[in-house]
Amino acid sequence: MQQFFFAESKSFGTRVEQLFGFIHPASVALWNLRWQVQGFVAASPDATEVQLFGRFASGSGVNGANNLKRICIETPWEEQLGQFAQIVGANMIALYEGWAEALMGRFTGANLKTQVQFPSRGKYGQTRNGVGEALAAVHRAGTSPEMKLALFPVYSASKKYSINELDPLMALYRYHKEIRNSFMHGGGVADKKAEDAWIEASKLSRTDIGGKSGPILTQVVEGQPITYTIKEAIQLSDVIIRLVHTIDAELSYSSHAEQYFLDCWKATPDILKLQLLPGDPIRRIKRIAQICRKIGFVAPADPAAAILLGQREGMVS
């Protein structure tokens with residue numbers, strides 16, 4: 001189960017689950033439809049499109065499914081997987097862009113929502129401020145020692161937390177985003193930005209991105225049609241999830257995160273019923289863990305630090 005600190009990150013995680021909850025059964029369903037239509041046509045070579053629609057699509061409410069021979073027989077499965085890949089890629093990038101705009105809007109800083117979509121300045125051909133500068137700007141605005149002790153160790157313990165690979169992952173993200181842009185704005189023909197992003201991503205190794213495999217890339221040449229595979233789209237999904245986990249965790253010990261944590265504490269109904277902490281040390285630790293979970297966070301790594309935050313605000317005694 002994914003664990004995120006901010007509400008925007010939790011919403012992102014939910015929407016990713018919804019996306020793949022649709023994509024996985026939809027792709028399997030299309031695979032099975034292909035076999036059924038192919039089997040029916042093999043047994044009845046003279047079957048018409050009307051007969052095919054009546055047998056396989058009637059009642060679905062999808063009136064456009066009126067050319068099942070072309071869809072299920074004449075179109076190669078690899079081509080349809082490529083179309084699924086484009087759907088996954090475009091949606092994952094849109095989810096990341098929406099998450100970046102919503103979460104980074106919490107913090108004061110110039111264009112932070114854009115910076116978290118690029119490698120740091122000087123990395124992988126970047127001459128602009130990127131993700132490293134964005135995180136540094138938030139931390140310069142203030143950090144919370146208590147949050148760094150209490151919650152950051154838990155969020156940064158996620159297998160998806162990838163601070164050491166942040167810039168390489170962002171370079172790989174740029175490859176996918178420029179491909180997405182070429183499909184959406186260039187009819188699937190690569191522009192110079194897409195080729196440049198491919199060149200930078202081509203420099204990455206498995207060690208650079210810290211994954212089970214190296215970057216999955218298809219060569220991109222300016223002016224040439226782009227081929228995009230389902231394996232690339234699946235890797236992109238993992239890259240984006242790791243970016244969100246990492247940035248979310250890194251922001252979880254900012255001064256703003258401390259205030260957000262306390263605001264959630266104060267806004268939780270009936271939370272003051274747990275205000276009086278037990279004197280027994282073990283029960284005291286269990287109580288603050290109960291409070292943190294009730295207000296939407298993880299049990300703290302350092303219960304004393306979480307208790308100190310609550311005591312300052314009069315939330316526990």
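## A charge over a ring, and the helices around it

The charged end of arginine 174 sits over the ring of phenylalanine 118, 3.9 Å from its centre; a charge counts as over a ring if NZ of Lys or CZ of Arg is within 6 Å of the ring centre and within 35 degrees of the ring normal. This is a predicted model, where local features need pLDDT of at least 70 and side-chain atom pairs count only at pLDDT 80 or more, while totals for chains, interfaces and linings use all residues. Residues are numbered from 1 along each chain as its sequence is written, and side-chain values use heavy atoms, with hydrogens and water left out. Here is a tour by topic.

**Overall picture**

- The protein chain has 15 helices and zero strands; helices (H or I, at least four residues) and strands (E, at least two) are DSSP runs, numbered from the N terminus.
- Along the principal axes, the C-alpha atoms of the protein chain fill a box of roughly 80 × 50 × 30 Å.
- The C-alpha atoms of glycine 279 and threonine 48 are separated by 79 Å, and the two residues are 231 residues apart along the chain.
- Of the 317 residues of the protein chain, 46% count as buried. Buried means under 20% relative accessible area, exposed over 50%, and partly exposed in between (1.4 Å probe, protein chains only).
- The accessible surface of the protein chain comes to about 15,700 Å², and 53% of that belongs to carbon and sulfur atoms. Areas come from the Shrake-Rupley method with a 1.4 Å probe, and for residues only the protein chains shown count as cover.
- Among contacts in the protein chain with a separation of 6 or more, 70% join residues 24 or more positions apart; contact means heavy atoms within 4.5 Å.

**Nonpolar cores**

- Phe5, Phe12, Met92, Tyr96, Phe261 and Trp265 touch the most other members of the largest nonpolar core, which has 84 residues. Helix 4 gives the largest share of this core, 12 residues.
- A second, separate core of six residues includes Val37, Val41, Ala47 and Cys72. Such a core is a set of buried Ala, Val, Leu, Ile, Met, Phe, Trp, Tyr and Cys residues joined through side-chain atoms within 4.5 Å.
- Not counting residues up to four places away in sequence, tryptophan 265 touches Ile271, Ile288, Ile291, Ile295, Ala306, Gly310, Met315 and Val316.
- As background, nonpolar side chains tend to be buried together in soluble globular proteins.

**Aromatic rings**

- A search of the whole structure finds 17 aromatic pairs. One of them is tilted, because the rings of tyrosine 96 and tryptophan 99 have centres 5.2 Å apart and planes at 35°. Rings of Phe, Tyr and Trp (its six-membered ring) pair if their centres lie within 6.5 Å; planes under 30 degrees apart count as stacked, over 60 as edge-to-face and the rest as tilted.
- Tyrosine 96 and tryptophan 99 are three residues apart in helix 4 (residues 77-104), so about one helical turn separates them. Tyrosine 96 is buried at 0% relative accessibility, and tryptophan 99 is buried at 2%.
- The rings of tyrosine 260 and phenylalanine 297 have centres 6.0 Å apart and planes at 85°, so this pair is edge-to-face. The pair links distant parts of the chain, 37 residues apart, with tyrosine 260 in helix 13 and phenylalanine 297 in the loop between helix 14 and helix 15 (303-312).

**Helix 9**

- The 20 residues of helix 9 (residues 166-185) should span 28 Å at 1.5 Å a residue, and the end C-alpha atoms are 28 Å apart, which agrees. The expected span is 1.5 Å times one less than the number of residues.
- Helix 9 is largely enclosed by the rest of the structure, because 17 of its 20 residues are buried.

**Loops and positive phi**

- Tyrosine 124 is not a glycine, yet has a positive phi of about 55°. Tyrosine 124 lies in the loop between helix 5 (112-115) and helix 6 (131-140) and is partly exposed, with a relative accessible area of 22%.
- Aspartate 270, also not a glycine, has a positive phi of about 65°. Aspartate 270 is in the loop between helix 13 (255-267) and helix 14 (281-294) and is exposed, with a relative accessible area of 51%.
- Glycine 279 is placed in the loop between helix 13 and helix 14 and is exposed at a relative accessible area of 70%.
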